[in-house]
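Biologist: Can you walk me through this one? I would like to go through it piece by piece.

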Amino acid sequence: MGKSMVATSLAVEFARQNKTILVDADAECPNDHLLLSIKRKKHATCYQPIPKWDFKKCTKCGKCASVCKQNAIVFTKGKYPAFVKDVCIGCKACIVACPTGAITETKKEIGKIYTGKNYNVNLVSSELKLGELASGEVVAEVRKYSDKINKKVKVVTATVKGDNHDIGKNILGSLLLSSGFEIIDLGMDVDEKVIVDKVKETGATIVALSSLLTMTVESIKTVHEALIAEGIRDTVKLVVGGAPLNMELAKKLGADDFADDAVDGVKHIKKLAGL
Ligand code: B12
Ligand code: SF4
Ligand code: SF4
């Protein structure tokens, strides 16, 4: 109970500042959801591989028992091997060792994953079935779910070709960073090819361009067209800012969105990212 009190208090404190994931991986009876009044729903059932015998193919050679480090297979000369399911950890060594193909793979349920949310805390709790020894599959499922929640939206930021102003872009980048985005900053006076290549390399879904000079706003259109030429225009949202721009001009140049200042820019980008 002491551990749960500390974990839930920390999670609530962190959640005041940022998105927080609390993993309650207590075997058999996780209880953090009770302390946080979180109504959980079942997310997944976890299975572990176990062996299954076809005795018609078994020659009673005993090899399977000899390779089982868990002593989950009991072999008596002249008899078929006996399987003690509860101590099997699913290593599959017996399946590999059997010379006749008498052992194949099946699965048994070893636990469940529940998820829920409250106080801006994303809770993942995993319940291992009573007496189960191997928690690997449960841990893997918890990690998969946490990674999914934790995934940051990637934003490529740059000042367009021919333009050496970067103060506004940098302010936007800092605000996006503190809002939980991953920033890939390409600097200023950036060629469209560099932007397109970076989007392809990182899988970024937002491109945020700054243009402070009237004579360089056309570079936005060049980036838009380069993204089309590479067949990735539909995979990104293009948002722009800078004093010579407005929403009408931004759209004319192929952008999806425009914001007057960096604070508004973050709001627009959150919306574009579906957050
Ligand atoms: C500082 C500055 C410079 C610095 C830049 C230093 C740097 N590292 O950035 C230096 C001295 C290098 C410079 C050079 C030049 N400059 Co200058 N510069 C300025 C100045 C004074 C301030 C710009 C600034 O940083 N503002 C502060 C930031 C925070 O504001 P911001 O950039 O507007 O960004 C905000 C929003 O626009 C928005 N935003 C910006 N980008 C983005 C992107 C997205 C996606 C979003 C959502 C929002 C967003 O959020 C920001 C914060 O709220 C402006 C005048 C002015 N008062 O704006 C002239 C100004 C931009 N420069 C100008 C000019 C002409 C030049 C030069 C051509 C001068 C020359 N003849 O050499 C050169 C250009 C060189 C080049 N190739 O780029 C003109 C541009 C005129 C025009 N419309 O084309 C201006 C307007 C001055 C003027 N009135 O004549 N400049
Ligand atoms: S899977 Fe591994 S632990 Fe299970 S019975 Fe076979 S050898 Fe033993
Ligand atoms: S290794 Fe295969 S053939 Fe030999 S006893 Fe085990 S199941 Fe039977």
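Modeller: Ligand 3 is surrounded by 14 residues, and the closest are Cys-58, Cys-61, Lys-63, Cys-64 and Cys-98. Keep in mind that this is a predicted model.

Biologist: What classes of residue make up the shell around ligand 3?

Modeller: Nine residues of the ligand 3 shell are nonpolar, three are polar and two are charged.

Biologist: And which residues are closest to ligand 2?

Modeller: Cys-68, Ala-72, Cys-88, Cys-91 and Cys-94 are the closest, out of 13 residues that surround ligand 2. By class, the ligand 2 shell has ten nonpolar residues, two polar and one charged.

Biologist: That leaves ligand 1. How many residues are around ligand 1?

Modeller: There are 26 residues around ligand 1, and Gly-168, Ser-210, Gly-241, Asp-261 and Gly-265 come nearest. Two or more residues of the shell come from each of helix H6 (167-178), strand E9 (206-210), strand E10 (237-241) and helix H10 (262-272).

Biologist: Which element gives the largest share of the shell around ligand 1?

Modeller: H6 does, with five residues.

Biologist: Changing topic. How is the chain divided into domains?

Modeller: The domain assignment gives domain 1 as residues 2-150 and domain 2 as residues 154-272.

Biologist: What separation do the centres of domain 1 and domain 2 have?

Modeller: Taken over C-alpha atoms, the two centres are 45 Å apart.

Biologist: Now the sheet. In what order do the strands of the open sheet run?

Modeller: The order is E8-E7-E9-E10-E11, five strands with parallel pairing. Strand E8 (182-185) and strand E11 (257-258) are the edge strands, and each of them pairs on one side only.

Biologist: What holds strands of a sheet together in general?

Modeller: Strands of a sheet pair through backbone hydrogen bonds, in either a parallel or an antiparallel way.

Biologist: Back to this sheet. How many bridges are there between E10 and E11?

Modeller: E10 and E11 pair in the parallel sense over two bridges. Phe-258 in E11 is the bridge partner of Val-240.

Biologist: Which strands does helix H7 touch?

Modeller: Helix H7, residues 192-202, packs on the sheet and touches strand E7 (154-159), E8 and E9. The direction of H7 makes about 165° with that of E7.

Biologist: Why does Lys-92 count as partly exposed?

Modeller: Lys-92 counts as partly exposed because it has 14 C-beta neighbours inside 10 Å, and that label covers the range between exposed, at 12 or fewer, and buried, at 20 or more. Asp-189 has 16 such neighbours inside 10 Å, so Asp-189 also counts as partly exposed.

Biologist: And Ala-82, is that buried or exposed?

Modeller: Ala-82 counts as exposed because it has 12 C-beta neighbours inside 10 Å. Ala-82 is found in strand E4, residues 82-83.

Biologist: What distance separates Ala-82 and Asp-189?

Modeller: Their C-alpha atoms are separated by 72 Å, and Ala-82 and Asp-189 are 107 residues apart along the chain.

Terms used: Residues are numbered from 1 along each chain as its sequence is written. Chains are lettered from A and ligands numbered from 1 in the order in which they are written. This is a predicted model: local features need pLDDT of at least 70, side-chain atom pairs count only at pLDDT 80 or more; totals for chains, interfaces and linings use all residues. A residue is near a molecule or strand if its C-beta atom, placed from the backbone, lies within 6 Å of it. Ala, Val, Leu, Ile, Met, Phe, Trp, Tyr, Cys and Pro count as nonpolar, Asp, Glu, Lys and Arg as charged, and the others, Gly among them, as polar. Helices (H or I, at least four residues) and strands (E, at least two) are DSSP runs, numbered from the N terminus. Domain bounds come from an automatic or database domain assignment. Two strands pair if DSSP finds at least two bridges between them. Two residues are in contact if their C-beta atoms, placed from the backbone, lie within 7 Å. Axes are lines fitted to C-alpha atoms, for helices over the stretch in contact, and angles run from 0 to 180 degrees between N-to-C directions.
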